[in-house]
Amino acid sequence: MSSSLMNKLGHDRQAFLLSDTGSKVFLSLLVIMSLLVIVGNLMIPETSALHISTYTVTLLGKYLCFALLAMSVDVIWGYCGILSLGHGAFFALGGYGMGMYLMRQIGDRGVYGDPLLPDFMVFLNWQELPWFWYGFDQFWFAMLMILLVPGLLAFVFGWLAFRSRVTGVYLSIMTQALTYALLLAFFRNEMGFGGNNGLTDFKDIVGQDLQADSTRVSLFVISAIVLAFAYLLSRWILQSKFGRVIISIRDAEARTRFLGYRTESYKVWLFVYSAVLAGIAGALYVPQVGIINPSEFAPLNSIEVVVWVAVGGRGTLYGAIAGAILVNFAKTRFTAIFPEAWLFALGGLFVVVTVFLPKGIVGLLAKRNKKNNGPDNKVAEADV
Amino acid sequence: MLLRFTYHSVLRLLFVFAACYPFNSMAQDVLVPVLSEGNGSIEDTVPTIASVSERLAGAKLKEVAAIVNELETVGGTQVLPLFQALIDGDLFYTKGDKRIVIAKRIDSSKQYLLKDAISGDELGTVEKKKIRKVKTNNRLRSGIRTTIARLHLFSDDVSLRQGAISNMSEKLTQDNVNLLLQAKQTEKNKSVRASIEVALAMYQLDAGERSEKLAAIGLLKGNLDPTVRNKLATVVESESDKSIAQAAAAALKTIEGKITFYGYLETLFFGLSLGSVLLLVAAGLAITFGVMGVINMAHGEMIMLGAYTTYVIQLLMPNHIALSIFIAIPAAFIVSALFGILIERGVIQFLKGRPLETLLATFGISLILQQFVRSIFSPLNRQVATPEFMSGALEINSVFSITYNRLYILVFALLVFFILQLILKKTSLGLNVRAVSQNRDMAKAMGIRTEWVDALTFGLGSGIAGLAGVALSQITNVGPNLGQAYIIDSFMVVVFGGVGNLWGTLVGGFSLGVLNKFLEPATGAVLAKIIVLVGIILFIQKRPRGLFPQKGRAAE
Amino acid sequence: MKKLLSACALSLVASVTMAADTIKVGVLHSLSGTMAISETTLKDTVLMMVEDQNKKGGLLGKKLEAVVVDPASNWPLFAEKARELLVKEKVDVIFGSWTSVSRKSVLPVIEELNGLMFYPVQYEGEESSKNIFYTGAAPNQQAIPAVDYLMNDLEVKRWVLAGTDYVYPRTTNKILEAYLKSKGVAEKDIMINYTPFGHSDWQGIVSSVKKFGSEGKKTAVVSTINGDANVPFYKELGNQGISAEDIPVVAFSVGEEELSGFDTKPLLGHLAAWNYFQSAEADVNDEFIAKWKAFIKDDKRVTNDPMEATYIGFKAWAKAVEKAGSTEVDKVRPAMYGIEVANLTGGTAKVLSNHHFTKPVLIGEIQEDGQFEIVWSTEKEVAGDAWTDHLTESAKIVANWQDPKINCGNYNTETKKCSGQNY
């Protein structure tokens, strides 16, 4: 019995070796893209045909944030079998952290000229800044919160859930309820997060004008660097002994527990790590798109992230990234051409991928490569 | 069983309907003290009904009010049809000869059937272009209603008299009081008499002697009518005689106590009603998720399909709204069940044992179905009419009434639940379903066609979602997003109640509904919902298998 | 990814080589997602106006060309698509947005790239951007006259302010509350209630409205309840026996288009306040309705207030372009001020220096056919006020883009300063 587990592990190590080529391709592509953007946007004059417009830069920056989010979902779903339908919540919380920092940076340049209160508080007649807005004028504090708040929420939720062995679909439904509850909460104006309008009209970030091309390119490059770094870190974690245990939990949780591992703490820490990644993605996303509002908490968004991962191929980090970028690129193009048909296409994609491509596009490519190494019948794995 | 219920309820509903909404028969020509001048002045200076009413043609709103007053004094009961038409928005004038007519639209054509507003002579049909409406607004209408009430005070119809009194007791002018006194003498009906006495007692509070006032307070004690309460409250505030004010305050306190009690009852009913909606939307899920273990994210869309089926059936039979609802019940069941079976055969059977993938695939299906109805029916909400028997409320007293649509949905939900129980417990299909859900392989070994059972179970669950759609079409919008609004709620109910246990769904639905409604007044609707959601999340951590966990082997 | 880059580069080349011999009109309305219900109509209205203008020979001797994008009811996407319109498509003007949040999302982009946008929906005010013209009603062109009507004509003494919990109802109710109090209405005679989007279970709230209204004083509901939640709300009102004569509801977000999805029975006699109703009797209106029905090829389609706002905005822009002799934003914008165009209710709409318009306020009663019977209207057009006078913070702020001494959208009359200007 345990030999089959060992086989599994061996098989996964193989997958990692394979992913190494994938990693190389992915990282070099990322570097090339960043260089292209820097040169194309800042050095080539606007009149030239090779100029990369700011529009494209922010679009690509957005894709990178989504890629990071997709990777964070893949870390827990692909490697630990925990399907979170609420990762949008962590993404949005990170985004709100950044949004609050950016709001405080506006200072007295808001339309009412109030030095302390953001505009939306002024016209709703708030007299003083709510306690949870304090500190967000400091960049370091905001950054800390961006890591801490999603992490803490994930810790509390994960600790409660994993300890009482809420697993599988129950956990998925609970995560969905979590993000739904947060959606409703953030919609409330009394919460002090700007209600439905959210936070917008940002001016600058660490002293840099947000509307300047150089800031936008910097944000893009930072996103690329963070993505690369997070990718390497995740790969390192998953290849370490910790990662091995995680994978064995995915494949046979009861057995791993019987071997003496406290599976719930492994799961909690991985869940926290993943939530923090999602939070960072959200924080990078907000200054690039210029708005954060409660619709980011919508359950639909979280489910869409899962689809990106499924399309790209779960269980391979670059698969998730490729999936996120491909689906979003398709969305940008598709909605421009046939807005009506987009939902048909997206829905069809869900069905086709889950029924016919359980390992996504990357799995499809890998299967073709592995034909030399003998047939591989293990397509689907038990998730519960 | 189902048929018997529907037949029965139709009868009952019709009865209730007839009792509460009598045909608006015009009052007979009972006298109204219209004083005729009788001084024999020259004819053209005396205003006649015709000469006054003719001024309505093209009158501005402000002028209409004055003309109506004049008409009442001049015409008395003769102008009742005209007033009624004015309230109903049926009063027009012809563009050519400025004749005041009552016009009724012929079905949905552009033709209107004209009658003379005063003589009632038929004037044939004309096109809409030839006539123009006499303008009214709310204020005018409410004034006219009081006028009509005065004229109805001596009607033969008990409920008309009752309505007239309650209308008049809000405006206790000396004229009205005189009329009421007059009516009291002739009134035979007990409850109408009581109402008149209450109205007169309220008048006494203003105009009576001290003893009369105290007697009036004694009479009014415990009366829940809001006008009575308001009257007593003003007495408490403004009465200079202390003992009267005290008596009034005591009476008011009794009333307030009663109102609080009925307030709780009302909230309880609201909670049960919300619970019945939750039960309906979750019952189908309890089958597909609880019994089959399939996460059907397209469950909400099954509800939506049921609602759209109701809409289509109504389109097919626009003149039989009430009947269409009863036809929609089986039709919605069949449509949703067929879609369910299609989904099961087409997608879900390939994902057996992979619940998370089923979740994603069915979510994809839900997107497709939403876009599907959007393409066919347009993204706009569709209009589903409410049959008469489902509108209005059953008035238990003046502070507590139960709306019929909610009441029927409550009954419907319980009925669906028990029929479902019956199917699962007493039929061979139910036996097979339970066998497959407990031990698939063993059931197969015993010769049960598990695939066939799976498809039927899924169909059953989806069909019940369709029934929920029929009910929802009566209380909310029928649009492509209908299902989305309920999917998370229904999952919560099933998980909270305990998967695989229908009774758990029943208890879960009702307790969440009641909890929500009792929280709502204190916290507001949004916060109540958030608290309930967070409560469920925490509860599940404590008891991962819900309120009523499945016991035994099947649990693992 | 290379593919992606080359695709981007390709589309870029394409847009550069596109000759600029047409005037481009950007349309930024959601064609999918939750807002598509309302916004698709406005997209079609702009397309109709463009077609109409082209039949008259275009503008400045050039043809107009509509560029339609779909921001899919996704607020960040509004900003992205606005940038696409201005940078990639190089449009001369944008007609778009419905919700406040989408406008707020677009605003920094339009200001940064110095675009020009017309926003056609009634909104909460508290904004006057250099680059946006607000063709819908400000609160003083809808909410306040409606309350005046209820107070003076219906003698309403008790007020329920019910709204969906988002910025428009919040602000409107704040303004109304302050206004009512200034008129001597006591705190206890005002009830404020907020519900989430798409709220469907109104039992408790309607019951408390009923109780609130049974205290012997005439009560009215001022409803800023949004879209979907209205049907169950009115149904519940009807079922609990509250008629328009007992407690009238005046709504700010229920128009002809919304009513076309309603069973109008429970709504009869309830009110709505707008600047335009399809039933308005004017020749221009008949013409507009006929044109619309022909354009959309559907005899049952209705017209509504945001469509009129789009119409006014388009006409004013076209006039300003002719006056300026150019489509350049810096020339068109100054040309806009003072321009007068005929509105569809038989009056004129004048462009004010605070980027709002003058508009008549109409109150209509809902009829069985889903149309409104106009029961009241202001004597003449009301000038739109960007910053309400009824809230202390915004009372001191004025917007004036014409006066060189002020030249900003939020001039603080106390500190004599404009804050937060990006230019």
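What percentage of the 556 residues of chain B count as buried? Select chain B to begin: of its 556 residues, 46% count as buried, and its secondary structure comes to 21 helices and seven strands. Keep in mind throughout the tour that this is a predicted model. If you display the contacts within chain B between residues at least 6 apart in sequence, 68% of them join residues at least 24 apart.

Next, select chain C, where you will find 13 helices and 19 strands. Its radius of gyration is 22 Å, close to the 22 Å that the globule rule gives for 423 residues, so chain C is as compact as a globular protein of that length. Of the 423 residues of chain C, 60% count as buried, and among its contacts with a separation of 6 or more, residues 24 or more positions apart account for 68%.

Now show chains B and C together and look at where they touch: 37 residues of chain C are in contact with 40 residues of chain B. On the chain C side, select helix H2 (36-55), strand E7 (190-195), helix H7 (203-213) and helix H8 (230-239), which are the elements that give two or more residues to this side. Helix H8 of chain C gives the most, with five residues. Colouring this side of chain C by residue class divides it into eleven nonpolar, 17 polar and nine charged residues.

Move on to the other contact of chain C, the one with chain A, in which 42 residues of chain A meet 44 residues of chain C. On the chain A side, the elements to select are H1, helix H2 (54-80), helix H4 (119-123), helix H6 (168-187) and helix H12 (317-337), each giving two or more residues. The residues of chain A on this side divide into 20 nonpolar, 17 polar and five charged.

Finally, colour chain A by confidence. Its mean pLDDT is 86, and 91% of its residues reach 70 or more. Within chain A, confidence is highest in helix H10 (residues 263-289), at a mean of 96, and lowest in helix H1 (residues 2-43), at 69. Over residues 1-10 of chain A the pLDDT is below 50, and this stretch has seven contacts in the model beyond near neighbours in sequence.

Notes:
Residues numbered from 1 in each chain as written. Chains lettered and ligands numbered in written order. Predicted model: local features only at pLDDT ≥ 70, side-chain atom pairs only at ≥ 80, totals over all residues. pLDDT = per-residue confidence, 0-100. Helix = DSSP H or I, 4+ residues; strand = E, 2+ residues; numbered from the N terminus. Contact = placed C-beta atoms within 7 Å. Rg over C-alpha atoms; globule rule 2.2 N^0.38 Å. Buried ≥ 20, exposed ≤ 12 C-beta atoms within 10 Å, placed from the backbone. Nonpolar A, V, L, I, M, F, W, Y, C, P; charged D, E, K, R; others polar.
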